Amino acid sequence: MVHKFREGIYILMTIEGAGTVIHELERRLRVTEQVIKFLTVRVDEEHKRLEKIKALRDSRKKASAQPAAAAEQAPAAAGEAPTADMPAATV
């Protein structure tokens, strides 16, 4: 409830922009009579933190998947016989 008003229209806007854009938006909201109350929340720090965590998880998944793929290729390569394209190893 704001200033004895129980009903109203609520709008959620997600805006990406520099600080000057946000300050101008807030200024215009303040001078608009129809807008009784507004709230601005900065979320870029939270997004950066979540992106960092996601990148860390992805790198862990890739690192754990690589040894398994290398292990699958190694026995297949060891069991192959030399072909005309591949010279035989000499001891």
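How many residues apart are E24 and R28 in helix α1, and about how many helical turns separate E24 and R28? E24 and R28 are four residues apart in helix α1, so about one helical turn separates them. The model discussed here is predicted.

## Overall make-up

The protein chain contains two helices and zero strands. The helices are α1 (19–31) and α2 (44–78).

Of the 91 residues in the protein chain, 1% are buried. The chain exposes about 9300 Å², and carbon and sulfur atoms supply 58% of that area.

E24 and R27 both lie in α1, three residues apart, which is about one turn of the helix.

E24 counts as partly exposed because its relative accessibility is 29%, a value between the limits of 20% and 50%. R27 is partly exposed too, with a relative accessible area of 41%. R28 has a relative accessible area of 52% and is therefore exposed, the cut-off for that class being over 50%.

A further salt bridge is formed by the side chains of R30 and E26, at 3.8 Å from N to O. R30 and E26 are four residues apart in helix α1, so about one helical turn separates them. Are R30 and E26 buried or exposed? R30 counts as exposed because its relative accessibility is 55%. E26 is buried, because its relative accessible area is 16% and buried means under 20%.

## The largest pocket

The largest pocket has a volume of about 1400 Å³. It is lined by 31 residues, of which I11, M13, F38, L39 and T40 are the closest to its centre. The elements that give two or more residues to this lining are α1 and α2. Which of the elements gives the most to the lining? That element is α1, with four residues.

By residue type, the lining of the largest pocket divides into 18 nonpolar, six polar and seven charged residues.

## A nonpolar surface patch

I9, I11, M13, I15 and V21 form a nonpolar patch on the surface. Together these residues have about 550 Å² of accessible area. I11 and M13, members of this patch, are also among the residues closest to the centre of the largest pocket.

I15, another member of the patch, is placed in the segment before α1. I15 has a relative accessible area of 39% and is therefore partly exposed. That value also meets the requirement for a patch residue, because patches are made of residues with over 30% relative accessible area.

I36 is placed in the loop between α1 and α2. Its relative accessibility is 44%, so I36 counts as partly exposed. I36 and F5 are 31 residues apart in sequence, while their C-alpha atoms are 9.4 Å apart in space.

E16 lies in the segment before α1, as I15 does. E16 counts as exposed because its relative accessibility is 81%. The pair E16 and R42 is separated by 26 residues in sequence and by 9.9 Å in space, C-alpha to C-alpha.

Notes
Residues are numbered from 1 along each chain as its sequence is written. This is a predicted model: local features need pLDDT of at least 70, side-chain atom pairs count only at pLDDT 80 or more; totals for chains, interfaces and linings use all residues. Side-chain values use heavy atoms; hydrogens and water are left out. Patches are made of residues with over 30% relative accessible area and no salt bridge: like charges are joined within 9 Å, nonpolar side chains (Val, Leu, Ile, Met, Phe, Trp, Tyr) within 5 Å. Accessible areas come from the Shrake-Rupley method with a 1.4 Å probe; for residues, only the protein chains shown count as cover. A salt bridge is a side-chain nitrogen of Lys or Arg within 4 Å of a carboxyl oxygen of Asp or Glu. Buried means under 20% relative accessible area, exposed over 50%, partly exposed in between (1.4 Å probe, protein chains only). On a 1 Å grid over the protein atoms alone, a cavity is a set of points where a 1.4 Å probe fits but cannot get out, and a pocket is an open set with protein on both sides within 12 Å along at least five of seven lines; lining residues have an atom within 4 Å of a point. Grid points are joined across faces, edges and corners, and a volume is the space filled by probe spheres set on the points. Ala, Val, Leu, Ile, Met, Phe, Trp, Tyr, Cys and Pro count as nonpolar, Asp, Glu, Lys and Arg as charged, and the others, Gly among them, as polar.
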